[in-house]
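Hi everyone, thanks for making time today.

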Amino acid sequence: MHELSIATAILDEVQRAVAAQAAPVRVTQIEIEVGELRLVMPESLQVAWDAVRQDTPFANAELVMHEKKARARCRKCGADFPASVGRYQCPGCGAADAEMLEGNDILMKCLVCESEEDEI
């Protein structure tokens, strides 16, 4: 289950981001974008996130996931086209030599935080 290593990496990134803040903050939501080519199962990633966040300052942080569709560019004719796992052939010229443009990354898009000042 590679989702466990992804959840651990998300936790590490959130810890780094919070440590860089001048004032203490509480993370309430983490928004990520997951490329479809990463083959992440959202339910499995949620279970993994629930496991790794326990007994941390982020135990109540909600993980919100959005899927990013894959796009590719043909290296032969330059056409951009939607891609998917096992489908990298250019619909224009038929070449199977594509550069992946989108859909192969996992990005942390947004952290929603509350500061101690917000609670006063």
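Let's begin with the sheet: three strands, open, in the order 4-3-5, and the pairing is antiparallel. Please keep in mind that this is a predicted model. In general, strands of a sheet pair through backbone hydrogen bonds, and they may do so in parallel or antiparallel fashion.

Which strands form the edges here? They are strand 4, residues 80-83, and strand 5, residues 98-102, and each of them pairs on one side only. Going from one strand to the next, the twist averages 40 degrees.

Now look at strand 3, which covers residues 70-74 and is joined to the antiparallel strand 4 by 4 bridges.

As background, nonpolar side chains in soluble globular proteins tend to be buried together. The largest core here has 18 residues, and the members touching the most others are I10, I30 and W49. Where does this core draw its residues from? Helix 1 (3-19), strand 1 (25-35) and helix 2 (42-53) each supply at least two. Helix 1 gives the largest share, with 6 residues.

Let's zoom in on I10. Setting aside its neighbours within four places in sequence, I10 is in contact with I30, I32, W49 and L63.

Finally, apart from that core lies another one, of 9 residues, including A72, F81, A83 and A98.

Terms used:
Residues numbered from 1 in each chain as written. Predicted model: local features only at pLDDT ≥ 70, side-chain atom pairs only at ≥ 80, totals over all residues. Heavy atoms only, no water. Core = buried A, V, L, I, M, F, W, Y, C linked by side-chain atoms within 4.5 Å. Buried < 20%, exposed > 50% of the residue type's maximum accessible area, 1.4 Å probe, protein only. Contact = heavy atoms within 4.5 Å. Pairing = 2+ DSSP bridges. Axes fitted to C-alpha atoms, helices over the stretch in contact; angles between N-to-C directions.
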